Amino acid sequence: MLSERALAARWVLSTRTLQRWRSDGYGPAFLNIGGSIRYRLGDILAYEAQHRQGGDDL
């Protein structure tokens, strides 16, 4: 599980961007556990794979 802050750092985004994406229904799936937003690593990897552009698979 990654926190909102950890995902923002991974993608070099602000946490506000992730908050806006959630509000707009965009971005990876997330969990709200006791008011804390968490992202499962599997969901993040799947989201990254869906949005991958160009290049060859290794």
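Biologist: Which residues of E3 sit on the covered face, and which on the uncovered one?

Modeller: Ile37 and Tyr39 make up the covered face of E3. Ser36 and Arg38 are on the uncovered face. Keep in mind that this is a predicted model.

Biologist: Take Ser36. What is its relative accessible area?

Modeller: The value for Ser36 is 32%. Buried means under 20% and exposed means over 50%, so Ser36 counts as partly exposed.

Biologist: And what stands opposite Ser36?

Modeller: Ile33 does. Ser36 itself lies in strand E3, and Ile33 belongs to E2, which covers 31-33.

Biologist: How many bridges hold E2 and E3 together?

Modeller: There are 3 bridges, and the pairing is antiparallel. E3 spans residues 36-39. Another facing pair is Leu31 with Arg38 of E3.

Biologist: What about the turn between E2 and E3? Which residue has a positive phi there?

Modeller: Gly34, with phi near 60 degrees. The hairpin has 2 residues between its strands.

Biologist: Let's do the whole sheet. What's the strand order?

Modeller: E1-E3-E2. The sheet is open, has 3 strands and pairs antiparallel.

Biologist: Which strands are at the edges?

Modeller: E1, residues 2-3, and E2, residues 31-33. Each of them pairs on one side only.

Biologist: How is E1 joined to E3?

Modeller: By 2 bridges, with the strands running antiparallel. Ser3 has Arg38 of E3 as its bridge partner. Arg38 also stands opposite Leu31.

Biologist: Switching to helices. At what angle do H1 and H3 cross?

Modeller: Roughly 30 degrees, and their axes come within 13 Å. H1 is residues 4-11 and H3 is residues 41-50. Angles under 35 degrees count as roughly parallel, so H1 and H3 are roughly parallel to each other.

Biologist: Left-handed or right-handed crossing?

Modeller: H1 passes H3 in a right-handed crossing.

Biologist: Which residues meet there?

Modeller: From H1, Leu7, Arg10 and Trp11. From H3, Leu41, Ile44, Leu45, Tyr47 and Glu48. That contact has 6 nonpolar residues, no polar ones and 2 charged.

Biologist: Now H1 against H2. What angle there?

Modeller: Roughly 105 degrees, with the axes coming within 8 Å. H2 covers residues 15-24. Angles of 65 to 115 degrees count as roughly perpendicular, so H1 is roughly perpendicular to H2.

Biologist: Which residues make that contact?

Modeller: H1 brings Glu4, Arg5, Leu7, Ala8 and Trp11. H2 brings Thr15, Leu18, Gln19, Trp21 and Arg22. By class, the contact of H1 with H2 has 5 nonpolar, 2 polar and 3 charged residues. Leu7 and Trp11 of H1 also meet H3.

Biologist: Zoom out. What pattern does the chain follow along the sequence?

Modeller: β-α-α-β-β-α. The chain has 3 helices and 3 strands.

Biologist: What box do the C-alpha atoms fill?

Modeller: Roughly 40 × 20 × 20 Å, along the principal axes.

Biologist: How much of the chain is buried?

Modeller: 24% of its 58 residues count as buried.

Biologist: And what share of the contacts join residues at least 24 apart?

Modeller: 43%, among contacts between residues at least 6 apart in sequence.

Biologist: Back to Ser36. How many residues, and what distance in space, separate Ser36 and Ala46?

Modeller: They are 10 residues apart in sequence. C-alpha to C-alpha, Ser36 and Ala46 are 22 Å apart.

Methods: Residues are numbered from 1 along each chain as its sequence is written. This is a predicted model: local features need pLDDT of at least 70, side-chain atom pairs count only at pLDDT 80 or more; totals for chains, interfaces and linings use all residues. Side-chain values use heavy atoms; hydrogens and water are left out. Axes are lines fitted to C-alpha atoms, for helices over the stretch in contact, and angles run from 0 to 180 degrees between N-to-C directions. Helices (H or I, at least four residues) and strands (E, at least two) are DSSP runs, numbered from the N terminus. Angles under 35 degrees count as roughly parallel, over 145 as roughly antiparallel, 65 to 115 as roughly perpendicular and the rest as oblique. A crossing is left-handed if the near helix is turned anticlockwise from the far one by less than a right angle, and right-handed if clockwise. Contact means heavy atoms within 4.5 Å. Ala, Val, Leu, Ile, Met, Phe, Trp, Tyr, Cys and Pro count as nonpolar, Asp, Glu, Lys and Arg as charged, and the others, Gly among them, as polar. Two strands pair if DSSP finds at least two bridges between them. Buried means under 20% relative accessible area, exposed over 50%, partly exposed in between (1.4 Å probe, protein chains only).
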